[in-house]
Protein chains: 2
Amino acid sequence: MNRVYNFSAGPSMLPLPVLEKAASELVCYGNSGMSVMEMSHRSPDYEAIIADGEAMFRRLMNIPDNYKVLFLQGGASTQFAAVPMNLIKRTGKADYIVSGQFSGKAYKEAQKLGYDVKCIASSKDDNFDHVPVIKREDIREDAAYLHICFNNTIYGTKFPYIPDTGDIPLVADMSSCILSEPIDVSKFGVIYAGAQKNMAPAGVTVVIVREDLLDYSEEKMPTMLEWKTQAENGSMYNTPPCYSIYMAKLVYEWLLSIGGLEEMKKRNEKKAKLLYDYLDSQNYYIAPVKKESRSMMNVTFVTGDADLDKKFASEASAAGLKNLKGHRSVGGMRASIYNAMPYEGVEKLVAFMKEFAENNPKA
Amino acid sequence: MNRVYNFSAGPSMLPLPVLEKAASELVCYGNSGMSVMEMSHRSPDYEAIIADGEAMFRRLMNIPDNYKVLFLQGGASTQFAAVPMNLIKRTGKADYIVSGQFSGKAYKEAQKLGYDVKCIASSKDDNFDHVPVIKREDIREDAAYLHICFNNTIYGTKFPYIPDTGDIPLVADMSSCILSEPIDVSKFGVIYAGAQKNMAPAGVTVVIVREDLLDYSEEKMPTMLEWKTQAENGSMYNTPPCYSIYMAKLVYEWLLSIGGLEEMKKRNEKKAKLLYDYLDSQNYYIAPVKKESRSMMNVTFVTGDADLDKKFASEASAAGLKNLKGHRSVGGMRASIYNAMPYEGVEKLVAFMKEFAENNPKA
């Protein structure tokens, strides 16, 4: 098998040992006589999988006991609606920071649902090349929550700080940075993340929610979107996405086996440093993101020439460096170097970038 | 590998050739150099998977061109909310038939959302031992739709007829009978089904919706639940549950390879006949469902003695006949004999039932 380096922004690479383990037990799991895909979600075998998975996730992220962990469906986009439906009744209004496309979508979804929401800071006028820095006074005193997207996949930015919100719950979409480094969960009211970057195949969404925030859900909202109902039913109000949760558990196991999130952070920093150091050392490629807001997971760059960008992505693909084309809304290139991307993949990318620059001098 | 016969009501058995194929290409799909789990949903490789899957599904079910097929998340339970949110604006009210637990949940969800819904027929007073028969006049003339659950997994009943609703769209939850036999899709406005019985592992929900019914969605509803949005985006408004859709495609391929739904129906009828004929030939076990409402997928029976029922499920499990315990809300036994259950599994079950009856005479 000729495995490629897949720089896709998501779904994205999974650790090879995880894929190999999943393949080896796909037809028959342990002594169960069946595939995990065939198991009743209420069977002892499956209940052990989801319970062990949650325990490992809690250990990895050091999640305090007063937080619930939910394994849901629908992706972060479903949570864009679920967040206000579950929380806004706290005070009746909520604040948002718009630092990229997905935080913008979250904000618009709350607006669409008819809620009193306010964008208190945005970097849109700067083409989202940085994350806005806010102070506590910028948040409305009676906001039910402040919503942020912690890592902006499309633009390649990341919050360089955790906003100080005082008693106002901080709600963060961490889809594209969860499990990439340790994070102080206690600073957040809610963290949610689609799995398909660092956690599992697409199809499961994790919500970490502080227990005291489970009491504000709308009466007239879809039951499936209600965190309280899901928490009371151990994520089994209906049949959960069993196999995706099993895959997440294998990823958690792998993360623990390499030393947890401290070690993962070291590896991710090393990969990102290699790429950013190269970008900073030359002037053929331009890295549009302000240094202090750089993402460790998604590295964006352009040649400044749309035709050259296109040629780059195409030739890189032929060389086994896949999916380097930037998001269709911004163009250029984007290298997503999530947990499962090996250091060698980034080395190969930098070598390719050097070669491409030499072979394609600008006019 | 010692493969068991798994009579679980869902998640449930998948065809062995499907599992074996999935295992063989889990780490690396074709020449892609990656797992299907790692593919960008917007990559040509994945777009071919979802397009081919939809084409096969349309062919299997003979779906007319004026119907959209959506691959969504959240299970049938999410559709319980999505159905009224997408349709009720047509007239402002809707009718339901309650023939079991899930149709009851669908009805209650619409009530919870504050809608004007009416239960026009229920078999609750008869412990759901049959499906109510209704006439066209029983439906409110100005109902936006009539909602039914076509096969009631828990009680083991199935609609022996397709209600004549005239111009009123018929909406059917077919989670536990889809793909078990040919069905005239044109008689329905909407068909939806969670995948985890006959189609794929849990994690994908199929919605088949007539195009003219896409124009009635609420403004203030979660975008992810809006069929029109999903239809316009080819089920990719956000990242779909890619791997579950791939698994569904493998199941569609298998169904086509054996001869499609005509052949599947023959096999399912043969399995169900074996079990029902035995039940009708003796008086140790009682089959509570009225004959005309019997499900071809879920066969319920009891000994009439709760302790014996428990012993039955336990000894059957030890004999490799798994998950025969009835749903926790009704007790007794339930044999779910979906598409992937081989005839031999039902033969073994009947043999076991005979042996158990001999060895455990009633007082």
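Chain A has an average pLDDT of 97, and 100% of the residues score at least 70. The structure is a predicted model, with scores of ipTM 0.97 and pTM 0.98.

The relation between the two chains comes next.

The contact between the chains draws on 55 residues from chain A and 56 residues from chain B. On the side of chain A that touches chain B, at least two residues are supplied by each of α1 (16-24), α3 (75-87), α4 (101-112) and α6 (242-258) of chain A. The residues on this side of chain A comprise 26 nonpolar, 23 polar and six charged. Of the interface residues of chain A, 100% are also interface residues in chain B, so the copies meet through the same surface.

Within chain B, helix α7 may be considered next. The helix covers residues 260-280; at 1.5 Å a residue, its 21 residues should span 30 Å, and the end C-alpha atoms are 30 Å apart, which agrees. The buried residues of α7(B) are L261(B), M264(B), N268(B), K271(B), A272(B), L275(B) and L279(B). These buried residues pack against α2 (44-61), α6 (242-258), β11 (298-301), β13 and α9 of chain B.

Helix α8 of chain B can be read in a similar manner. Which residues of α8(B) are buried? They are D309(B), F312(B), A313(B) and A316(B). These residues cover an arc of only 90 degrees around the axis, which puts them on the same side of α8(B). In general, an α-helix has 3.6 residues a turn, so residues three or four places apart point the same way. The cover over the buried residues of α8(B) includes β12 (321-322), β13 (333-336) and α9 (343-359) of chain B. On the face of α8(B) turned away from its buried side are the exposed residues D307(B), S314(B) and A318(B). Just after α8(B), G320(B) adopts a positive phi of about 85 degrees.

Two residues of chain A complete the account. F352(A) is located in helix α9 (residues 343-359) of chain A. Because F352(A) has 18 C-beta neighbours inside 10 Å, it counts as partly exposed. Apart from its neighbours within four places in sequence, F352(A) is in contact with A316(A), A319(A) and L321(A). The C-alpha atoms of F352(A) and K265(A), which are 87 residues apart along the chain, are separated by 25 Å.

I286(A), by contrast, belongs to the loop between α7 (260-280) and β11 (298-301) of chain A. With 13 C-beta neighbours inside 10 Å, I286(A) counts as partly exposed. Where its neighbours within four places in sequence are left aside, I286(A) is in contact with F301(A), V302(A) and G304(A). I286(A) and V302(A) are 16 residues apart along the chain, and their C-alpha atoms are separated by 5.3 Å.

Technical notes
Residues numbered from 1 in each chain as written. Chains lettered and ligands numbered in written order. Predicted model: local features only at pLDDT ≥ 70, side-chain atom pairs only at ≥ 80, totals over all residues. Contact = placed C-beta atoms within 7 Å. Helix = DSSP H or I, 4+ residues; strand = E, 2+ residues; numbered from the N terminus. Nonpolar A, V, L, I, M, F, W, Y, C, P; charged D, E, K, R; others polar. Buried ≥ 20, exposed ≤ 12 C-beta atoms within 10 Å, placed from the backbone. Arc of directions from axis to C-beta. pLDDT = per-residue confidence, 0-100. Expected span 1.5 Å × (residues − 1).
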